[in-house]
Amino acid sequence: MSKILITGATSGIGEALVHKYLKQGHNVIACGRNTEKLAQLTNHANSSQLSTLAFDITNTDDTEQAIAQVEQVDIIILNAGDCQYIDDAIGFDNKLFQHIINTNLIAIGHLLHFLLPKVSKHGQVVLVSSSVTIVPLPRAEAYGASKAGLDYLANSLRIDLAKNNIGVTLVHPGFVATPLTDKNTFDMPFKITSEDAAKRIYAGVAARKSYLHFPKRFTYLLKLIAMLPNPLWQRLVARSIR
Ligand SMILES: NC(=O)c1ccc[n+]([C@@H]2O[C@H](COP(=O)([O-])OP(=O)(O)OC[C@H]3O[C@@H](n4cnc5c(N)ncnc54)[C@H](OP(=O)(O)O)[C@@H]3O)[C@@H](O)[C@H]2O)c1
């Protein structure tokens, strides 16, 4: 049985992943800020199978202290993230931009710094990005930029970690029903449940795939749109999101 560390384990995709890995008999270290939610997870699980770590991934000192308690891990799933939109491009919200880049990208650098030396040989790093990086969407300047950075990080890290036999899996989910998307007011085509997303991530990670994207009917459509000439895809995206 493997030991899996999951960030963003208190909600949505991360929480569903915790349940999936526990159900398959693995040991899980569930991370998040919400201590009540972490306690709930503990109450529902076999105590020898689940441990929790409460820390804010944007606080480097807290992250270092929390990760110091971790011994060896086989798989790290860096899933915690936040999505907020730039509603007014002219009044560009620099604070929001900084917050999103910090949470979705800079914090990942700190987590990798503290965690990578603890990942076992033949272990795996899983980075949860987003299908938003396939085609840029309006209002997603901050979120999209953070996830595009994460894509590059994953693809570059994979090359460097190959000599350590550590795999890197980049994940591009489409829309998944979670508290993060509950606040969206636009149509979210082909939205899937967090359980379905967890099932797909679990299977892809077990197969040591380097890239996962789902649901395919949505991500292939995005990939097709991305191949169109710039003015065409931009008009299409603007019209479909309105
Ligand atoms: N839902 C989608 O449609 C979708 C699509 C593509 C990609 N994704 C990505 O999938 C990942 C999970 O999203 P989700 O939809 O499951 O979101 P969610 O339900 O809002 O969960 C977000 C998780 O991230 C944790 N988190 C956020 N900021 C944190 C911080 N500063 N420190 C520590 N933990 C923090 C939260 O934990 P606490 O509240 O306990 O801090 C929570 O467990 C994100 O990276 C998101 O960008 C989601």
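Q: How many salt bridges does a search of the whole structure find?
A: This is a predicted model, in which local features need pLDDT of at least 70 and side-chain atom pairs count only at pLDDT 80 or more, while totals for chains, interfaces and linings use all residues. Residues are numbered from 1 along each chain as its sequence is written, and side-chain values use heavy atoms, with hydrogens and water left out. A salt bridge is defined here as a side-chain nitrogen of Lys or Arg within 4 Å of a carboxyl oxygen of Asp or Glu. Over the whole structure, the number of salt bridges found is three.

Q: Which helices are tied together by the salt bridge of E15 and K37?
A: The side chains of E15 and K37 meet at 2.9 Å, N to O. Helices (H or I, at least four residues) and strands (E, at least two) are DSSP runs, numbered from the N terminus. The pair ties together parts that are 22 residues apart in sequence, because E15 lies in helix α1 and K37 in helix α2.

Q: Is E15 buried or exposed?
A: Buried means under 20% relative accessible area, exposed over 50%, and partly exposed in between, with a 1.4 Å probe and protein chains only. E15 has a relative accessibility of 17%, so this residue counts as buried.

Q: Which helix gives the most residues to the shell around the ligand?
A: The ligand is surrounded by 30 residues, the closest being T10, S11, R33, Y143 and T178. At least two residues of the shell come from each of α1, α5 and α6. The helix that gives the most, with three residues, is α6.

Q: How many residues of the shell around the ligand are charged?
A: Ala, Val, Leu, Ile, Met, Phe, Trp, Tyr, Cys and Pro count as nonpolar, Asp, Glu, Lys and Arg as charged, and the others, Gly among them, as polar. The shell has 12 nonpolar and 15 polar residues, and its charged residues number three.

Q: What percentage of the ligand's area does the protein bury?
A: A polar contact is a pair of N or O atoms within 3.5 Å; within protein, one must be able to donate a hydrogen and the other to accept it, and residues adjacent in sequence count only if both atoms are side-chain atoms. A polar backbone atom of N34 is 2.8 Å from a ligand oxygen, and a backbone N or O atom of I57 lies 2.9 Å from a ligand nitrogen. Accessible areas come from the Shrake-Rupley method with a 1.4 Å probe; for residues, only the protein chains shown count as cover. Taken alone the ligand exposes 880 Å², of which the protein buries 91%.

Q: What is the area of the nonpolar surface patch that includes F190?
A: Patches are made of residues with over 30% relative accessible area and no salt bridge, where like charges are joined within 9 Å and nonpolar side chains (Val, Leu, Ile, Met, Phe, Trp, Tyr) within 5 Å. F190 is partly exposed, with a relative accessible area of 36%. Together with L221, L224 and M227, F190 makes a patch of about 420 Å².

Q: What is the phi of F190?
A: Most residues other than glycine have a negative phi. F190 lies in the loop between α6 and β8. Although F190 is not a glycine, its phi is positive, at about 60°.

Q: Where is the cis peptide bond that has omega near -15°?
A: Most peptide bonds are trans. P215 is found in the loop between β9 and α8. The cis bond runs from F214 to P215.

Key
A residue is near a molecule or strand if one of its heavy atoms lies within 4 Å of it.
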